[in-house]
Amino acid sequence: MLKAPNLAELRWLTHGFGQRDSVYPAQITTVRQIHSDIVIEATTPGGDRIADGDAVVSNQPGVVVGIRTADCVPVLLADMRTRAVASIHAGWRGSAAAIVTGAVEALVRKYGSRPEDLVAAVGPSIGVCCYEVGADVAGQFGVWLPELDGATGSKQLDLKKVNELQLRRAGVRSVWVAGHCTYCEAEQYFSFRREREQAGRMLSYIGTVGERP
Ligand SMILES: [Zn+2]
């Protein structure tokens with residue numbers, strides 16, 4: 001299990017980015033992922049694929065929210081002040097729709113979070129080293145990566161960078177980004193591009209332990 005240093009500092013929090021051999025906590029609340037920008041609220045512990053969506057938020061003690069990935073970008077958020085949390089699945093479609101911005105907005109709207117109190121971690125995903133996309137996809141990221149604006153022909157796309165930029169523009173100050181590439185690091189990570197339908201999925205999760213302050 002990979003831990004983000006900035007989230008590991010929060011003692012009331014449990015979190016992890018899954019790897020091939022990871023053993024997960026029981027009762028992680030997940031959603032049926034559809035490459036959307038839909039944010040679902042979890043209010044009770046557990047529940048597998050409780051609704052269609054690609055981000056899960058909660059402010060309930062004992063609720064652990066998770067998402068599954070194999071190349072797509074997993075993003076975890078925690079609010080230092082209110083102890084609200086979010087887990088986000090950001091593939092290229094979700095990233096183009098700025099799903100992390102939507103998740104930050106959901107935390108603000110539902111729980112009164114302030115972006116400056118949020119701690120964010122962008123987990124292992126397919127890296128810019130291995131992620132070549134067509135011009136039709138690359139061109140959708142010109143807002144965040146100007147070098148892709150009006151792209152013709154295939155390009156290398158840095159989805160982790162896109163999500164980091166979106167988080168910073170939303171006002172999040174603490175953003176940690178994993179260096180790992182799921183395609184390069186075959187022993188540690190499943191990769192959909194490398195393994196196709198045989199690829200397993202890794203869970204990334206975050207939640208509070210114990211009582212609210
Ligand atoms: Zn790579």
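Predicted model: local features only at pLDDT ≥ 70, side-chain atom pairs only at ≥ 80, totals over all residues.
Six strands form it, in the order 3-4-7-6-8-11. The sheet is open, and its pairing is mixed. Strand 3 (39-41) and strand 11 stand at the edges. Each has a single partner strand, so one side of each is left without a neighbour in the sheet. On average, neighbouring strands are turned by 15° against each other, direction ignored. Strands of a sheet pair through backbone hydrogen bonds, either parallel or antiparallel. Strand 4 and strand 7 run antiparallel and are joined by four bridges. Within that pair, V56 stands opposite S87 of strand 7.

Two helices pack on this sheet. Helix 3 touches strand 3, strand 4, strand 6, strand 7 and strand 8. The direction of helix 3 makes about 160° with that of strand 7. Helix 5 touches strand 6, strand 7, strand 8 and strand 11. Its direction makes about 25° with that of strand 6.

Now look at strand 8. What are its partners? Strand 6 pairs with strand 8 in the antiparallel sense, over five bridges. There, D79 has L118 of strand 8 as its bridge partner. Strand 11 (residues 174-177) runs parallel to strand 8, and four bridges join the two. In this pairing, A121 stands opposite W176 of strand 11. Strand 8 is mostly covered, with five of its five residues buried. L118, A120 and V122 point one way from the strand. V119 and A121 point the other way, and all are buried.

Next come the nonpolar cores. The largest holds 35 residues. Of these, L77, I88, L107, F141, L157 and L167 touch the most other members. Helix 3 gives the most, with six residues. Leaving aside residues up to four places away in sequence, L157 touches V128, Y131, V133, V137, F141, L145 and L148.

G153 lies in the loop between helix 4 and strand 10 (155-156). Its relative accessibility is 42%, so G153 counts as partly exposed. Beyond residues up to four places away in sequence, G153 touches G134 and A135. G53 is 100 residues from G153 in sequence, and the two C-alpha atoms are 31 Å apart in space.

Charged pairs follow. Side chains of opposite charge can pair when their charged atoms come close. The structure holds ten salt bridges. One joins R81 and D117, at 2.9 Å from N to O. This pair links distant parts of the chain, 36 residues apart. R81 sits in the loop between strand 6 and strand 7, and D117 in the loop between helix 3 and strand 8. R81 is partly exposed, at 37% relative accessible area. D117 is buried, at 11%. D117 also meets R114 in a salt bridge, at 2.7 Å from N to O. R114 counts as partly exposed at 38% relative accessibility. Elsewhere, salt bridges that share partners join R20, R194 and E195 into one network. R49 and D48 form another salt bridge, at 2.7 Å from N to O. R49 is partly exposed, with a relative accessible area of 39%. D48 is partly exposed too, at 45% relative accessibility.

A disulfide is a covalent bond between the sulfur atoms of two cysteines. The cut-off used here puts those sulfur atoms within 2.5 Å. For C72, the closest cysteine sulfur is in C181, 13 Å away, which is too far for a bond. Is C72 buried or exposed? C72 is buried, with a relative accessible area of 18%. C129, in turn, counts as exposed at 51% relative accessibility.

How values were computed:
Residues numbered from 1 in each chain as written. Heavy atoms only, no water. Core = buried A, V, L, I, M, F, W, Y, C linked by side-chain atoms within 4.5 Å. Buried < 20%, exposed > 50% of the residue type's maximum accessible area, 1.4 Å probe, protein only. Contact = heavy atoms within 4.5 Å. Pairing = 2+ DSSP bridges. Axes fitted to C-alpha atoms, helices over the stretch in contact; angles between N-to-C directions. Salt bridge = Lys/Arg side-chain N within 4 Å of Asp/Glu carboxyl O.
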